[in-house]
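Here's a quick briefing to read alongside the model. Have the viewer open and follow along.

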Amino acid sequence: MATDIQISIVGSAGDGTIAAGDILRNALAGMGYKVISFDVYPPEIRGFGKCIARMRITTEQAYSLKHQSDVLVSLDDSHAIPHAGELRDCGALVYEQKSLVKLPEGGHMSAHVGPGQLPYPVPIRELSEKSTGANRSRNIVVLGFLAGLFNLPAEGFRKAIGKKFRNKAAAAEASEAAFKAGLDYAAKTFKLDDVTFGPPVSSVVAGATVEMINGNAAIARGALDAGIDTFFGYPITPATSIMERLAAEMPRRGGRLLQTEDEISAISAVVGAGFAGARAATSTSGPGLSLMAEMLGMGVIGEVPSVVFVSQRGGPSTGMPTKTEQSDLHMAVYGGHGDAPRIVVAPTNVDGCYRCAGKAFEMAEAYQTPVIVLIDLYLSNRYETVVFPARPPFEADLNRKPGKPAAGAPYKRYALAADHVSPRAIPGDKGNMHVVTGLEHNELGRPNDSAELHTAMSRKRHEKLKLALNHPDFTKFKRFGDEGPVDVGVISWGSNFGECLEAMLRARSEGIRCAAMKVVMLSPFPTEAVAAFMADCKEVLVPELNYQGQFANLLQAHVAKPVTRLNRVSGEPMKVEEILEEIRRLAGRGKTAQKAA
Amino acid sequence: MANAKNARHHVVIGSGVAGSQAAETLREREPEARVTILTLSSLLFYNRYDLPKVFRGHRDWREFLAFPAEYYKDHRIVVRRCSRVAGVDGPRRTIALEHKEEIRFDTLLVASGGRGYIPEELAEFRPLMHPFASYTEAVSAAAVVPERGHVIMLGGDMIGLDLARTLVDTRHRVTLVAGPQTFWPHEVTDDERPGLIAALEKMGVEVIESADAGGIASIEQGARGLSARRVLFKDRTELYGDAVMPFFGLSPSVEFMLGSGTDIERGLLVNPALRTTGEGIWAAGDVCQIWSDAEKRYRFYYGWKNVRAMGDLAARNIAGGDEPWVPAQDEKLHIGSDGKIQSPFWEYE
């Protein structure tokens, strides 16, 4: 029996909502299920804002979260009540049986259980207090209850709890007691919902490892596996945990990490380290990328390998720091003064984060330029089960080294080579002394602003990037679904592609001829492949999480074919149903199409 | 505008036959009003008369629901499940739920029914018995009785005897430990009883008169390798079975109405229009005792037809009517031409 179950845990900051989600997804991934998960945090650093841990557990690969959950757990009714409608009929709604304080009418979850939903009021607080002497373990009580209700192996949960609290003996002991209390309570509970876990399916290749990991952690791991040795950064939501992970790991591997005073310092130091031959990177979000724009230009003109991980959030300005959005594409691709081309890649899932992070260092080095890896909060915080290969799939050194200098001949750092990539000497290389400047320069690197040189150097900086379109062992784009001519083609990018893929697959199951293409390489743009795909499509739909249709703009700058834009700025991932309805409409099916007719 | 803040709020406690019928009638009569049902049950209204079907292999709760979920959405009837009422403040017109929520009502219909009564001398053995008053209890009981298993039925009211019919029909062995409540709620004379017991035996039920064995001394866990339960009688005889199921009639669920300002005897006392002594509070179903002018006493009326009619009448009167209660069914137990017992309380639609 195939498993496809979505669980949402909703609570207040301090309830342990995210921690419960973390343990649950790790336990389930450890059992062999595929998990895709996305947590929502409140924007306030302190206080009692809403937290949601939401995960989809499957035996077959899933690409996005579902619109409706099969199980909804409330750790705080005031936050969970607005989400009660997200639970499907015959799904399980677990909530605190009794409030501590008097509630007005409608203040308790029982008032919001839909007629088709199945209520499970559990004395969560009481069980926590009885088993541990405190109410802090309510989240773990709930995990015990879920394990019991769905007949999941308790050992898997115990392992995940043990791992979570491995350095906190008292918390581990309390959690064990709380888990058992929830488990025992479930044993006395009559199961009414139809949520059933089938056996997990393991398809792991020998030597590979499977891990439950989020986008930011995958970025950090990709960077480490690609041999990052220097990192400078300044914390910003939602990118901070990239730096935090690297801070824990890099010193153990002989690397260096420094938290700088701001983003300008961070990118300056990264460009400096790249110049010095390091595999160097920084991480930031939209506001930080704005500050880095000038120094990225320095990286471009100096042809210095440097990697910038950017996790987008709702903007502009401080905007919605804990909400997702894909509205920094224009800035990533075009931002900055002058003609400053750079490589921009946007992974579409957590595995892609790992691969893009590692490949970013290869490309930065191979094409001597800044590379931006563009993700967003949805991908930063999204957990997926990822299969890591036994050996990291990244090359250690792709720098084009200069040959032995000929006697008396000066080293041309910016030689106008046939493929536009010049041999790059690292400072200290004997006989290869050269100048690097932010000024336009000649082949030697010496300032020169002649029209001919500026034209030649501009061409060099742009043309060499096209090589990245053939960078080996790296997915720049990919087509899914029907081959050949289709009625509707969906093109998307970044975190939003999972929803697009799900929608396309569902549309196909409804008999609509359709296909989807993900575009990972945003700059340089894979025009030929995208144009070929669009030529196959009667209608082209471009869903994305921004108001302007930034990817659609990019697309139309390269391919002159009209597209239908689907833009949302809700701060939440796009709903599969919305995309599906648009596909139906474009295919002449469904309610909307009928209405229009 | 429906469900607006100023709309009348009719609250019904209980989602059984009476409460559900009342909610439907209230919705019909007052399309703009808010109608809320409070119930302890995890499930929407299901017909408890259908529960014996669990022994015919029907275990999915969806098969027992009287209406699909959409019915409640379409009729704008809010069902608050798993909601235990802690108390009712009649003068303030508020209901306190055990989970600390307070609900205001304009009118209240108490249709909380009754729970299975267990005689005091058997109360200590409750954990070893399998009651049969709800869907979950029915499924739990069915789960412990194997095919052709043996059920020991204590008491044997008309709910139990209805189950006994199904058990015999499905080739289970049924031993009835008969007592004063065996034909509850029918009132049976000493002269009628032997014939009715004989009719039960003709139906395939083994009958032991509890009084003949000196009453039940204890109920125990069965011995290893034997059946799951042992019933010991005071005359030291014993009986082994797979499950022991108590059927001693119903006890009205009215404890939450103490202090509400309504008069209570065993059930809530109501006038022939089903109005209690509390302002704005009505009662219907197994929970209420209706004044009978003919009998000059308050009395209960049982059976699916009566209970449904009470729910309907109470709702009509809540909506402005003033009609008196007229029983909807015969109460006489009789023996059919096939020699088997026929009870009007087993009839339902």
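**Domains and chains at a glance**

In chain B, 29 Å separate the centres of domain 1 and domain 2, taken over C-alpha atoms; the domain bounds come from an automatic or database domain assignment. Keep in mind that this is a predicted model, where local features need pLDDT of at least 70, side-chain atom pairs count only at pLDDT 80 or more, and totals for chains, interfaces and linings use all residues. Residues are numbered from 1 along each chain as its sequence is written, while chains are lettered from A and ligands numbered from 1 in the order in which they are written.

**Confidence**

- The predictor gives the complex an ipTM of 0.92, along with a pTM of 0.89.
- Chain B has an average pLDDT of 93, and 97% of the residues score at least 70; pLDDT is the predictor's confidence in each residue, from 0 to 100.

**Chain B: two domains**

- Domain 1 of chain B comes in two pieces (9-113 + 253-318), and domain 2 covers 116-249.
- Where these two touch, 13 residues come from domain 1 of chain B and 13 residues from domain 2 of chain B; two residues are in contact if their C-beta atoms, placed from the backbone, lie within 7 Å.
- On the side of domain 1 of chain B that touches domain 2 of chain B, you'll find ten nonpolar residues, one polar and two charged. For these classes, Ala, Val, Leu, Ile, Met, Phe, Trp, Tyr, Cys and Pro count as nonpolar, Asp, Glu, Lys and Arg as charged, and the others, Gly among them, as polar.

**Chain B: two helices worth a click**

- The expected span is 1.5 Å times one less than the number of residues, and helices (H or I, at least four residues) and strands (E, at least two) are DSSP runs, numbered from the N terminus.
- Of the 15 residues in α6(B), 13 are buried, so the helix is mostly covered; buried means 20 or more other C-beta atoms within 10 Å of a residue's own, exposed means 12 or fewer, and partly exposed is in between, with C-beta atoms placed from the backbone.
- Just after α6(B) comes B:Gly320, with a positive phi of about 115°.
- B:Ala23 sits in helix α1 (residues 17-29) of chain B, and this residue counts as buried because it has 28 C-beta neighbours inside 10 Å.
- Leaving out residues up to four places away in sequence, B:Ala23 touches B:Val12, B:Val35, B:Ile37 and B:Ile77.

**Chain A: overall build**

- Chain A carries 19 helices and 20 strands. Its radius of gyration (taken over C-alpha atoms) is 26 Å, close to the 25 Å that the globule rule gives for 597 residues, so chain A is as compact as a globular protein of that length. That rule is 2.2 Å times the number of residues to the power 0.38.
- Among the 597 residues of chain A, 53% count as buried.

**Where the chains meet**

- The contact uses 20 residues from chain B and 21 residues from chain A.
- On the chain B side, α2 (69-74), β3 (77-80) and β6 (102-104) each give two or more residues.
- The chain B side divides into eight nonpolar, four polar and eight charged residues.
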